[in-house]
Amino acid sequence: MMVFFFLTTFFRFSHMEFTVLLKLLLCLEAAARFGVDGQQQWPVPYRRFDHRPTADSYCEALYPFCPTGDRDGRIPYMREDDVISVYRLQTPVWEFKYGDLLGKVHIMHDAIGFSSSHTGANYTMEWYELFQLGNCTFPHLRQEAPAPFWCNQGAACFFEGIDDLHWSQNGTLEKIGEVTGSQFNHMAQWVQDDNRTGIYYETWTVRSDPAPNSTVWFESYDCSQFVHRTYRKLKELGAKLSSRSPTYYTKIYLYSGEPTYLGNDSAIFGTPALQNLAADIRKFYFTFRPHQSFVDFAFTLLEAYKKIVLDKTFYLYYNFEYWHLPMKYPYMQIVYEEVPLP
């Protein structure tokens, strides 16, 4: 889009020429997203980065991220001949505050536990939001900035100890295998690389309909996805993992027709010709703003129903870009589905 700003600054265009140029540039930008066969890739690949940026000071966490562990996800080195037990951990989201309340609707948090036979030390490893789930799902609207402001980073946290009561009372604490110290150290390096390049949390999985073989438009990137990636890496390193019972995980689905790519912040909120789209996106997210009164929240639910169900519109922010989702029945579902161990 830099070419666009250069041209509009140094040359004079008629309204028609300006519109044609804008459409051409947007088409070229969108074309870069397609493969050699001209087809959009579904699901849209999660974008990775070469480093993790420092979080903006505007973003504040109600509960601090990784309070007793290493905030950079660093993991201690294990003796290569050590035998490390691997545990599957699952508990209701915010169990420490609400007990099993969210577990009754299968909104669960997942992690992995480790125990060293050499030292007897136990460890917990999890991946979650730096600034809580709400901030990762919906942005802040700041008067001084035209574009919505996102506090959507997620990261790995590794800390000593396994809180047995926290995981087992309303969830799962189950040994699922063993690895050598050498395998563990290779996994630890992989976690570092994964954590440095996968920097943002994504709540939604978007698919065309609830049928098993339906098209997936976008994959979530959350705590359970980190657990799945780690299990697959452990298997790749030679570990054998098994569970005595089916392994279920929480998915929050949106259902829509084929999404339409809209652009990034500068393309939408820095282009006068797209001011109507920019205003509609801000209005959509205003519905989900934080810190609402009970009365405001009641009106918010009605507005959300109108936008998503009646107008069949949802604006998704993915890879730091906006997409329009033409929503379809049943619109949204929280599904507790089985994902077998690799």
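**Exercise 1. Find which side chain makes a polar contact with the side chain of D70, and place D70 in the chain.**

Solution. Start with the partner. The side chain of D70 makes a polar contact with the side chain of R74, at 3.0 Å. A polar contact is a pair of N or O atoms within 3.5 Å; within protein, one must be able to donate a hydrogen and the other to accept it, and residues adjacent in sequence count only if both atoms are side-chain atoms. The model is predicted: local features need pLDDT of at least 70, side-chain atom pairs count only at pLDDT 80 or more, and totals for chains, interfaces and linings use all residues. Residues are numbered from 1 along each chain as its sequence is written, and side-chain values use heavy atoms, with hydrogens and water left out.

Next, the place. D70 sits in the loop between helix 2 (15-31) and strand 1 (83-92). Helices (H or I, at least four residues) and strands (E, at least two) are DSSP runs, numbered from the N terminus.

Last, the neighbours. Leaving aside residues up to four places away in sequence, D70 touches A156, C157 and F158. Contact means heavy atoms within 4.5 Å.

**Exercise 2. Work out the strand order of the open sheet of five strands.**

Solution. The order is 4-3-2-1-5, and the pairing is antiparallel. Two strands pair if DSSP finds at least two bridges between them. Strand 4 (154-160) and strand 5 (172-180) stand at the edges with a single partner strand each, so one side of each has no neighbour in the sheet. From one strand to the next, the twist averages 25°.

Now look at one pair. Strand 2 (residues 108-116) and strand 3 (residues 122-129) run antiparallel and are joined by four bridges. F114 has Y123 in strand 3 as its bridge partner.

Helix 6 (residues 181-197) lies across strands 1, 2, 3, 4 and 5, at about 110° to strand 5. Helix 7 (residues 223-236) also lies across strand 1, strand 2, strand 3, strand 4 and strand 5, at about 35° to strand 2. Axes are lines fitted to C-alpha atoms, for helices over the stretch in contact, and angles run from 0 to 180 degrees between N-to-C directions.

**Exercise 3. Find which residue forms a salt bridge with R244.**

Solution. The partner is E174, with the closest N and O atoms 4.0 Å apart. R244 lies in the loop between helix 7 and strand 8 (248-256) and E174 in strand 5, so the pair ties together parts that are 70 residues apart in sequence. A salt bridge is a side-chain nitrogen of Lys or Arg within 4 Å of a carboxyl oxygen of Asp or Glu. The whole structure holds 13 salt bridges.

**Exercise 4. Locate the cis peptide bond that joins W42 to a proline.**

Solution. The bond joins W42 and P43, with omega about -10°. P43 is in the loop between helix 2 and strand 1. C66 is also found in the loop between helix 2 and strand 1. C66 is not a glycine, yet has a positive phi of about 50°.
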